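Subject: Structure handover

Hello,

Here is the structure for your files. Notes on the cavities and the salt bridges follow below it.

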Amino acid sequence: MTVPRILVIDDEADLRELVEITLLKMGLDVDSAESLATARTLLREQEYALVLTDMRLPDGMGLELVREVAGTSRNTPIAVITAFGSADNAVTALKAGAFDYLSKPVGLDQLRLLVQSALRISAAPVAADKATPAMDGGTALRLMGESALMRDLRAQIVRLARSMAPIAISGESGSGKELAARDIHAQSARVDKPFVAVNCGAIPESLMEAEFFGYRKGAFTGAADDRDGFFQAANGGTLLLDEVADLPLAMQVKLLRAIQERRVRKVGATVEEPVDVRLISATHQDLAECVEKGRFRQDLYYRLNVIELRLPPLRERLDDIGMLADAILAKLAAPGARRTTLTPAALAALRAYAFPGNVRELENILERALAFANHDVIEVADLALRSASLPAGLPAAAPEPDLPAIVPAPLPPTWSAAAPAMVATPALPVALPDHLDQVEREIICRALGQTRFNRTQAAELLGISFRQLRYRMQRLDIHEPD
């Protein structure tokens, strides 16, 4: 078995020697260079599992070498060593194609983690043909579609998977941001490590620090045992911060430090611990606008938004609807049952629909249509699309069939009996949390009733995200009628 060889480029002899000793103790072979010219000569003669270069060298910038190595077809990751606190240089290097970076003074724990990650990438085969969905027989990517937009998106995912650079995924709700993050993780050298997805908008602010960084026993009331947080759970793998724009400003400061230092401190602990996590963030909001309005820290924005990946809404890739509908209907079909199909008119209606809820809304529409379809064929009327979005000449949706009524639970006596008198002397609820839950339950049930239990449309009516609605339905024990 060939021992991986590392190329270290730095004009500081002491630092170069420290890195060499550390790598040799890891059982690796090392070549060293003090200038760009020497490094280029070695690169022409030798294959390396990792190139580690300082940013400032006597005969040029390490950034030049980053671009040269990243521009070749070699499967060689290159990382940079930046001056302490030089976040701008790190971001510039990552955008130029660097796999990762280290800040001076170089922490040996971080150096070892970086080298281990790089060796996993070097050992992985070059995935030039992985931008193909599973149905084509290639390596499975969850994001489906044959449009030019989706082909380009999958190619970007395969390229980005080789880097440690933070990725900010933007796109409308239901466009597949989490699927894209899972694809990046699945195509990376971290595929055998954990993928942890966190919905930042669903965590109470008072619990955020403990949930993200963990806590020590006795740190607060109820902390009966030591517990790891999301960062420790994702160690070695990928951490997805979904709806990152919902993070409160106080938590943004703590998250920024964790990203910069790559170390976290549990609540109640006195020392920090290193973590090796690849960060991916996602949001349906405009983060740049959030920065302008003061709701999101600019320094954290630049840290998370090193590489931006935009997911197109479904209305921009209508040619994919037929493929997506077939895949969704196949997934919804009962085992051994005959496959339900769309009539040409129904497919045309879907292609003319705006899909404000994107692919998630398409899934809801087809799931509902299956319940109304006769003889395994879905007609236009079964789709129950909003008439304003139907193309000219297509019939509007049929009258709504009788659905089981969603009957909210009886109101508390203090509400119903005292209703006429509430204008003058409002009665106080016996238990405020129960009362508020009942009000929330009633409103959600009304929205679901109006949309025939289409959760995407109900969430729009209520002005909340699909995830928020799903969370509230689970908390309030609201289920779709049989």
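A cavity here is a set of points, on a 1 Å grid over the protein atoms alone, where a 1.4 Å probe fits but cannot get out, and its lining residues have an atom within 4 Å of a point. A volume is the space filled by probe spheres set on the points, with grid points joined across faces, edges and corners.

This is a predicted model, in which local features need pLDDT of at least 70 and side-chain atom pairs count only at pLDDT 80 or more, while totals for chains, interfaces and linings use all residues. Residues are numbered from 1 along each chain as its sequence is written, and side-chain values use heavy atoms, with hydrogens and water left out.

Cavities

The structure holds two cavities of 30 Å³ or more. Helices (H or I, at least four residues) and strands (E, at least two) are DSSP runs, numbered from the N terminus. By residue type, the lining of the largest cavity has 16 nonpolar, one polar and five charged residues. Nonpolar covers Ala, Val, Leu, Ile, Met, Phe, Trp, Tyr, Cys and Pro; charged covers Asp, Glu, Lys and Arg; the others, Gly among them, are polar.

The second largest cavity has a volume of about 60 Å³. Its lining is made up of F99, S117, I121, A161, R162, S163, M164, S188, A189, R190 and R278. These divide into five nonpolar, three polar and three charged.

Where does the largest cavity lie? It lies between domain 1 (5–123) and domain 2 (159–310), because both give residues to its lining. The second largest cavity also has lining residues from domain 1 and domain 2, so it lies between them. The domain bounds come from an automatic or database domain assignment.

Salt bridges

A search of the whole structure finds 26 salt bridges, each being a side-chain nitrogen of Lys or Arg within 4 Å of a carboxyl oxygen of Asp or Glu. One of them joins E12 and K104, with the closest N and O atoms 3.0 Å apart. This pair links distant parts of the chain, 92 residues apart: E12 is in the loop between β1 (5–9) and α1 (13–25), and K104 is in the loop between β7 (100–103) and α5 (108–123). E12 is partly exposed at 39% relative accessibility, whereas K104 is buried at 19%. Buried means under 20% relative accessible area, exposed over 50%, and partly exposed in between (1.4 Å probe, protein chains only).

E172 and R315 form another salt bridge, at 2.4 Å from N to O. E172 sits in the loop between β8 (167–170) and α7 (177–187), and R315 in the loop between β14 (307–310) and α13 (321–332), 143 residues apart. E172 counts as partly exposed at 27%, and R315 is partly exposed at 38%.

K331 and E363 also meet in a salt bridge, at 3.7 Å from N to O. K331 is in helix α13 and E363 in helix α15 (residues 358–372), 32 residues apart. K331 is exposed, with a relative accessible area of 56%, while E363 is partly exposed at 29%.

Regards

Conventions. On a 1 Å grid over the protein atoms alone, a cavity is a set of points where a 1.4 Å probe fits but cannot get out, and a pocket is an open set with protein on both sides within 12 Å along at least five of seven lines; lining residues have an atom within 4 Å of a point.
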